[in-house]
Amino acid sequence: MSEQAIINAKIVTPDEIFRGCVIYDDHTGKIKAVQKELPSDFPQENVTDAEESWVVPGGFDAHVHLGGFGEILIEDDFYTGSLGALAGGTTTVIDFCESEKGESPSHCIEKRMQEAKASAVDYAFHFVITRDYERQLEELQKILDYGITDFKLFTVYDNTDLTMKEIEYAIKELYGKIPDKNKITFLVHAEEKDIIEKQKKQVKNPSDMSMLAFTRPDISERKAVEQLQKIAENTGVNLCIAHTSAGATVALQSEQRTAGKHTEGFLLETCSHYLEFIDEKLEGKQGALYTMTPPLRKQQDVEQLWRGILNGKIDIFSTDHCPYSKYDKYGKTYETVPCGVDGIQTRMLYLFSEGVKKRGLSMKRFVELTSENAARFYHRFPQKGCIQPGSDADLVLITERENTEIHVENRKSNLDYTIYEGKQLEGKIQMVIKSGQTVYKNGKLNAEKGFGKYLG
């Protein structure tokens, strides 16, 4: 018998929330039925009693960095990072392929594909358009042949800093070579490079991590987003602003939507660290542990971001998971410190606790933010991001009967610290099912290396 069932569950589907059961096939890894009652002849040995826990789709984290990435290695590779993902309820991720200078797209993709084979969660890739964009556009078909239709663009950093004219050119060139532009998406790191360079000239103490926030003010994000919105209006592009950190960006999105301008395919993504911490964390020696770009902002930004989460102006809740060790963080300047923090295991429960339990976020919005919207935007819906017949049996049980306290010792990924140390969260990830298999239950993982599938 390959059919399994979860009963007495509070199920969140795209259409409704109700108490009932989910029947899935542990052989095909697909959901077979979502209904109010379990058939009377269903084998009881194949039944899991959710005991009134919430059952939601497996999380879809569309912005993670695992494995390679520059000269200083990220602490999590695809296997250790995917273990943290599963323990946190995430069953699908999108990582990145970024070519080094002179490296062909095919070589870069092949290398990343080999690294990703160890993943225990399903995965896809964004391809990063770099300064070598003309060559990459010439080899576009090779990129598409790998099943990659999601692209990352940057306005900053060596090798990736494209001007707005170059970004618009690249988008138009891509659209000119692809018949159905609705199948192509762009994730953009948006900061105005000229503002950052001007601010850097005023820095007197490079070892002060507060200079990260000083040199990358919120206006640099808003200015870049304003220009990207104009590009969206000109091209009709499906574009998501990565890791939105500034309240001003949320206000701009609200203004644009109120004005009825191009918004359907123009989304904002944010991350839990921007909802939890402010720039004061960058002060002192410990400040190095809270470095990421864009940097942490002010309390008013945190409040505006939460309003965006609650009112629908922010569409996707990701992590930008990119953890480095304390050893690699300490002893650097604000320019040389490797920027990036953890979040892959914390993401879903954090939003449940701080959003649903404390701020009244609806469970429908919770599911949209943690899985459904990303699955839709990145063309993986309804395979991912929903609970309905035919979808992947990726399911998460969240109980309200227990709470969770975060400590580095209970992290499943390869970290020597977590920025959420000691954080008390309401609720607990009780059980995670991926592709019909129970991979996490009551704090214990059962996920083999390579269990994840490439979503090409």
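The following legends describe close-up views of a predicted model.

**View 1. Crossing of helices α8 and α9.** Helix α8 spans residues 218-235 and helix α9 spans residues 247-258. Two packed helices are described by the angle between their axes and the distance between the axes. Here the axes come within 9 Å and cross at roughly 30 degrees. Helices α8 and α9 are therefore roughly parallel to each other, and their crossing is right-handed.

**View 2. Residues in the contact of α8 with α9.** Helix α8 contributes Glu-221, Arg-222, Val-225, Glu-226, Gln-229 and Glu-233. From helix α9 come Ala-248, Thr-249, Ala-251, Leu-252, Gln-253, Glu-255 and Gln-256. By residue class, the contact holds four nonpolar, four polar and five charged residues.

View 3. A disulfide is a covalent bond between the sulfur atoms of two cysteines. With a cut-off of 2.5 Å between cysteine sulfur atoms, the count of disulfides in the model is zero. Cys-108 is accordingly in no disulfide, and the nearest cysteine sulfur, which belongs to Cys-97, is 4.9 Å away. Cys-108 is buried, its relative accessible area being 1%.

Terms used
Residues numbered from 1 in each chain as written. Predicted model: local features only at pLDDT ≥ 70, side-chain atom pairs only at ≥ 80, totals over all residues. Heavy atoms only, no water. Axes fitted to C-alpha atoms, helices over the stretch in contact; angles between N-to-C directions. Helix = DSSP H or I, 4+ residues; strand = E, 2+ residues; numbered from the N terminus. Parallel < 35°, antiparallel > 145°, perpendicular 65-115°, else oblique. Left-handed = near helix turned anticlockwise from the far one by under 90°. Contact = heavy atoms within 4.5 Å. Nonpolar A, V, L, I, M, F, W, Y, C, P; charged D, E, K, R; others polar. Buried < 20%, exposed > 50% of the residue type's maximum accessible area, 1.4 Å probe, protein only.
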